[in-house]
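The following report describes selected side chains of one protein model. Please consult the sequence and the structure shown here.

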Amino acid sequence: VSSLQACMGEITPMNLLVFGGLSALAMVITLGMSYLVFRKKPAEQKKVLRFASIYSSCGFMGLPLAESLFGYKGLAYASIFTVVYSLFIWSHGVAQMRGRGAKVKIRNIILTPGIVGMLIGLPLFLLNIRLPNVVLSPIDSFASLNTPLAMLVIGCYIARIHFRDIFDSLTLYLLSAYRLLVIPIVTLLLLKLIPFEAEAITTIVVLAAAPSSANTVMFAIQYGGDAELGSRAVALTTIFSMLTMPLVAAISTVIPPLL
């Protein structure tokens, strides 16, 4: 809500619609690529590794970086991406962890915070309705907590793992390279074939370069996956992302459109 209110006049509704489509395309690319890796792992590990490779921590890690790069405009684009991401993680992501025959509840998808916020903020944006300061000011205050809260949550996950255990698995190194470099670079090259606003493309690539989602751990616990493996995957990719996310963002800004 806050980001859409702040960028009124800077982003057109058509651009938001196109960006939503590109976000969905990026998720489909990532999902399709995941079936090429970790095929020989045991079932309880394979579903965790694939989930960790598909679903990034785009909310906790991606939103603060998008905002720092492009201000409220980047934050608005990133918010649209997280809505698309929520649709995928609460449908395909749940099915991925549960296994074959899993049923997905539409209510659980609609009631996720990102989608609820967009259902409120998007009509106001499209109708060019600005909220009064008495309403918008508290919302802005909560929005400003995004970055420090993200750091606290990720720090808590890393603190739960013995430091030496994070670095003793070749599989997790491969996962980190795949999640943090291969996926965003492939996404970048494919999206650069589409003539669209450079800031929007960079925002998608930055969000695609975020470390594995903390939901990897929670979903593994709930649906019978290897939760310890998930915890180590989140911790290792988070540590490496401190170097790779700025690198990927820099690469994205210097590569010109390919068409």
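Which residues form a nonpolar patch on the surface? The patch consists of Leu189, Leu190, Leu193 and Leu258, which together have about 310 Å² of accessible area. Patches are built from residues with over 30% relative accessible area and no salt bridge, nonpolar side chains (Val, Leu, Ile, Met, Phe, Trp, Tyr) being joined within 5 Å and like charges within 9 Å. A salt bridge is a side-chain nitrogen of Lys or Arg within 4 Å of a carboxyl oxygen of Asp or Glu. Areas follow the Shrake-Rupley method with a 1.4 Å probe, and for residues only the protein chains shown count as cover.

The model is predicted: local features need pLDDT of at least 70 and side-chain atom pairs pLDDT 80 or more, while totals for chains, interfaces and linings use all residues. Residues are numbered from 1 along each chain as its sequence is written, and side-chain values use heavy atoms, without hydrogens and water.

Leu258 is located in the segment after α13 (227-254). Helices (H or I, at least four residues) are DSSP runs numbered from the N terminus.

| Residue | Relative accessible area | Class |
|---|---|---|
| Leu258 | 43% | partly exposed |
| His92 | 17% | buried |
| Thr216 | 0% | buried |
| Phe51 | 0% | buried |
| Phe219 | 3% | buried |

His92 belongs to helix α4 (residues 58-98). Its side chain makes a polar contact (N or O atoms within 3.5 Å, one able to donate a hydrogen and the other to accept it; residues adjacent in sequence count only if both atoms are side-chain atoms). The partner is the side chain of Tyr55, at 2.7 Å. Beyond four places in sequence, His92 is in contact with Leu31, Tyr35, Ile54 and Tyr55, contact meaning heavy atoms within 4.5 Å.

Thr216 lies in helix α12 (residues 215-223). Setting aside residues up to four places away, Thr216 touches Val48, Phe51, Ala52, Met97, Gly230 and Val234.

The structure holds 7 aromatic pairs. In the pair of Phe51 and Phe219, the ring centres are 5.2 Å apart and the planes meet at 50°, so the pair is tilted. This pair links Phe51 in helix α3 (residues 43-54) with Phe219 in helix α12, 168 residues apart. Rings of Phe, Tyr and Trp (its six-membered ring) pair if their centres lie within 6.5 Å; planes under 30 degrees apart count as stacked, over 60 as edge-to-face, and the rest as tilted. Phe51 and Phe219 also belong to one aromatic cluster with Tyr55, Tyr85, Trp90 and Tyr223.

Methods
Helices (H or I, at least four residues) and strands (E, at least two) are DSSP runs, numbered from the N terminus. Buried means under 20% relative accessible area, exposed over 50%, partly exposed in between (1.4 Å probe, protein chains only).
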